[in-house]
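Thank you all for making the time this morning. I would like to walk you through one structure, and I will begin with a single side chain before moving on to the rest.

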Amino acid sequence: MSQADLLPILCYPDPRLHKVAKPVEAVDGRIRDLIEQMFATMYDAHGIGLAATQVDVHERLIVIDVSESRDQRLVLINPEIEWASDEKRKGEEGCLSVPGIYDGVERSIGVKVRALDEKGESRVIEAEGMLAVCIQHEMDHLMGKVFVEYLSPLKQGRIKTKMVKAAREAARP
Ligand code: K2U
Ligand code: ZN
């Protein structure tokens, strides 16, 4: 994939990360191009998931690849969680929009998601483990939620300060 396909990833606390995404109206050429650009961006950033919100497109679209071999693409369009286990587990999470920050977040161990695939066909995905965590993390992005919002106000404040400082440093000539 050529570098030209990469999209800039919004960084916390950018307010655009808190916009709620709208349903995708049609799985057309525009969406298929966006899916390719999102996969290129995710792989380049060594991520295992990416939500359209993170590239400043506020439509309900997620790309995921949790495989070691980096060749098991999963596209979720207009995803809806049909079931989530009551049983939860706390796991270490990171986020491409909050680089360098990792902390524990509690998620359902298993989820069942209905979504359209990249052909526009309706599918049901039953997930557990890292895939279930990733799906919940990405679906939060579509609702305008970033994982740091599960942390204490003290931690959130420190992360916000750190990210703003890093952004200022990066912008200095
Ligand atoms: O949404 C994103 O920013 C990509 C997330 C997806 C994710 C977060 C937490 C747990 C699972 C998935 C990650 O930044 S991708 C980076 C990563 C890679 C391997 C394992 C965990 C996180
Ligand atoms: Zn994230």
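Is Arg73 buried, partly exposed or exposed? Before I answer, please keep in mind that what you are looking at is a predicted model. Arg73 has a relative accessibility of 34%, and therefore it counts as partly exposed. Its side chain meets that of Glu36 in a salt bridge, with 2.7 Å from N to O. Because Arg73 lies in the loop between S2 and S3 while Glu36 belongs to helix H1, this pair ties together parts that are 37 residues apart in sequence. Glu36, for its part, is partly exposed, with a relative accessible area of 27%.

That brings us to helix H1 itself, which runs over residues 29-44 and has 16 residues. From its first C-alpha to its last it reaches 23 Å, which is close to the 22 Å expected at 1.5 Å a residue. Several of its residues are buried, among them Ile31, Leu34, Ile35, Met38 and Phe39, and what covers the buried residues of H1 includes strand S1 (49-51), S2 and S3. After the helix comes His46, whose phi is positive, near 60°.

Tyr43 is also found in helix H1, and with a relative accessible area of 24% it is partly exposed. Tyr43 and Asp71 are 28 residues apart in sequence, and their C-alpha atoms are 10.0 Å apart in space.

Let me return to salt bridges, of which the structure holds ten. Another of them joins Glu59 to Arg30, where the closest N and O atoms are 2.8 Å apart. Since Glu59 sits in the loop between S1 and S2 and Arg30 in helix H1, the pair ties together parts that are 29 residues apart in sequence. The two partners can be contrasted, for Glu59 counts as buried at 16% relative accessibility, whereas Arg30 counts as partly exposed at 45%. Elsewhere, Arg172 forms a salt bridge with Glu169, with 3.7 Å between the closest N and O atoms, and Arg172 is exposed, with a relative accessible area of 58%. There is also a network of salt bridges that links Asp14, Arg16 and Asp56.

Now to the metal. Which residues are the protein donors of the zinc ion (ligand 2)? They are Cys95 through SG, and His137 and His141, each through NE2, lying 2.1 to 2.2 Å from the ion. Along the chain, these donors follow the spacing C-x41-H-x3-H. Cys95 lies in the loop between strand S4 (88-93) and strand S5 (103-108), and His141 in helix H2 (residues 129-142), so the pair ties together parts that are 46 residues apart in sequence. Both Cys95 and His141 are buried.

Gln54, in the loop between S1 and S2, counts as buried at 1% relative accessibility. Leaving aside residues up to four places away in sequence, its contacts include Cys95 and His141, as well as Pro8, Leu17 and Glu138.

Finally, a word about the surface, where Ile48, Val66 and Met130 make a nonpolar patch of about 230 Å². Val66 lies in the loop between strand S2 (61-64) and strand S3 (74-84), and at 33% relative accessibility it counts as partly exposed.

Technical notes:
Residues numbered from 1 in each chain as written. Chains lettered and ligands numbered in written order. Predicted model: local features only at pLDDT ≥ 70, side-chain atom pairs only at ≥ 80, totals over all residues. Heavy atoms only, no water. Donors = N, O, S within 2.8 Å, 3.2 Å for Na, K, Ca; no water. Helix = DSSP H or I, 4+ residues; strand = E, 2+ residues; numbered from the N terminus. Buried < 20%, exposed > 50% of the residue type's maximum accessible area, 1.4 Å probe, protein only. Patch = residues over 30% accessible without salt bridge, like charges linked within 9 Å, V, L, I, M, F, W, Y side chains within 5 Å. Areas by Shrake-Rupley, 256 points an atom, 1.4 Å probe, with all protein chains shown as cover. Salt bridge = Lys/Arg side-chain N within 4 Å of Asp/Glu carboxyl O. Expected span 1.5 Å × (residues − 1). Contact = heavy atoms within 4.5 Å.
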